[in-house]
Amino acid sequence: MFRRRDIPRYIAWALNGLGDLQRGQSKWQEAIDSFTECIQIFDQLGDRLESARARVRFGIVYRDQCLYGEAERLYLNGLGVIRESGDRRWEARTLRQLGVLWRNMGRTKQAIKALNEAQEIFEELVDRRGVAVVLRNKGDAYRRAGDYKAALECLEDALARFQELEDRRWQARSRMSIADTIRHAARWEEADAHLKAASEILQEIDDCPGQARVLRTFGLFHTGQRHWKQAIEAYQESRTIYESLGDRAWAGRTMAEEAAVHQAMGDEETWRDLRRRAEQICRDCGARTDDEVGLWLTSW
């Protein structure tokens with residue numbers, strides 16, 4: 001039954017969903033405004049749990065912009081309230097987000113500890129998908145720490161679980177992470193096979209953002225092998241998709257990576273032009289173009 005006094009709560013929930021949508025489109029300021037208003041409403045209603053959940057979702061916006069301090073503050077603030085409430089599922093979700101954040105910050109021991117806690121809770125809840133997602137995140141954290149054996153064990157376990165769940169999108173993401181891990185051993189052919197399998201899945205399920213990311217990864221791999229022409233083509237295809245999606249932040253980052261290829265080739269003029277344009281794009285939408293964004297490939 002609809003009650004007039006529930007209107008503010010419905011508005012807050014709508015703003016929460018809108019913030020997620022705006023974040024996905026790299027509309028950072030709009031997302032910040034939506035989540036800020038959402039949290040204000042929940043605070044006025046005295047709903048600490050919903051406010052805490054919104055803070056966790058809000059933290060992802062700051063993490064995506066590399067504003068790690070702000071993201072960590074929101075996550076930890078939300079986690080405290082969520083733990084008090086006894087909401088174990090949201091506790092696990094928040095710990096997972098903290099794990100991803102700390103991995104991006106290079107605090108891998110903290111990241112793995114948080115992800116282990118999240119995995120234990122998901123196992124307690126018999127949440128098979130939650131466990132699989134955390135295993136993939138742990139693999140990425142171990143790779144960041146330089147423990148490629150542990151990383152590969154986690155990622156292959158995650159892939160097998162996603163195959164059992166018939167979750168094709170996460171299968172593709174896991175294959176991309178596996179490829180990014182085995183490339184450190186210069187196992188280019190195996191890495192290429194995983195990337196091609198991921199690309200096929202993403203095309204079949206019509207995941208345009210995923211296709212853009214896998215093309216960007218192909219660019220990184222070709223760069224690592226000094227296949228300059230193929231790298232440039234992959235980056236340009238990736239950027240075209242990002243631009244069609246209105247995702248200027250990732251379009252700018254991909255342009256910056258293409259610029260690095262031209263620099264490696266000795267084409268200083270093209271490198272400076274692309275780099276200047278990329279920095280302007282990223283500056284306009286509050287993103288960054290440095291090497292840290294390479295870590296984000298496995299946190300989407």
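## Cysteines

Cys208 is partly exposed, with a relative accessible area of 30%. On this scale, buried means under 20% relative accessible area, exposed means over 50%, and partly exposed is in between (1.4 Å probe, protein chains only). Cys38, at 0% relative accessibility, counts as buried. How many disulfides does the structure hold? It holds zero, where a disulfide is a pair of cysteine sulfur atoms within 2.5 Å.

A quick word on where this comes from: this is a predicted model, local features need pLDDT of at least 70, side-chain atom pairs count only at pLDDT 80 or more, and totals for chains, interfaces and linings use all residues. Residues are numbered from 1 along each chain as its sequence is written, and side-chain values use heavy atoms, with hydrogens and water left out.

## Helix H2

Let's look at H2, which has 18 residues. Helices here are DSSP runs (H or I, at least four residues), numbered from the N terminus. From its first C-alpha to its last, H2 reaches 26 Å, close to the 26 Å expected at 1.5 Å a residue; that expected span is 1.5 Å times one less than the number of residues. Just after H2, Gly46 takes a positive phi of about 75 degrees.

## Aromatic rings

The structure holds six aromatic pairs. Rings of Phe, Tyr and Trp (its six-membered ring) pair if their centres lie within 6.5 Å, and planes under 30 degrees apart count as stacked, over 60 as edge-to-face and the rest as tilted. One of the pairs is Phe35 with Phe58, which is stacked at 5.6 Å centre to centre, with 15 degrees between the planes. Phe35 sits in helix H2 (residues 28-45) and Phe58 in helix H3 (residues 48-64), so this pair ties together parts that are 23 residues apart in sequence. Phe35 is buried, at a relative accessible area of 0%, and Phe58 is buried too, at 6%. Together with Tyr62, Phe35 and Phe58 form one aromatic cluster.

Phe162 and Trp170 make another stacked pair, 5.4 Å centre to centre and with 25 degrees between the planes. Phe162 and Trp170 are both buried. Over the face of Trp170 lies Arg173, at 4.5 Å from the ring centre, and Arg253 lies over the face of Trp250, at 4.6 Å from the ring centre. A charge sits over a ring if NZ of Lys or CZ of Arg is within 6 Å of the ring centre and within 35 degrees of the ring normal.

## Nonpolar cores

A nonpolar core is a set of buried Ala, Val, Leu, Ile, Met, Phe, Trp, Tyr and Cys residues joined through side-chain atoms within 4.5 Å. Which residues have the most contacts inside the largest nonpolar core? They are Phe58, Val61 and Tyr75, in a core of 53 residues. Its largest share, eight residues, comes from H2. A second, separate core of 17 residues includes Ala172, Ile178, Ile182 and Ala198.

## Ser199 and its contacts

Ser199 is found in helix H10 (residues 188-204). Ser199 is buried, with a relative accessible area of 14%. Leaving aside neighbours within four places in sequence, Ser199 is in contact with Val214 and Phe218, contact meaning heavy atoms within 4.5 Å.

Conventions. Helix = DSSP H or I, 4+ residues; strand = E, 2+ residues; numbered from the N terminus.
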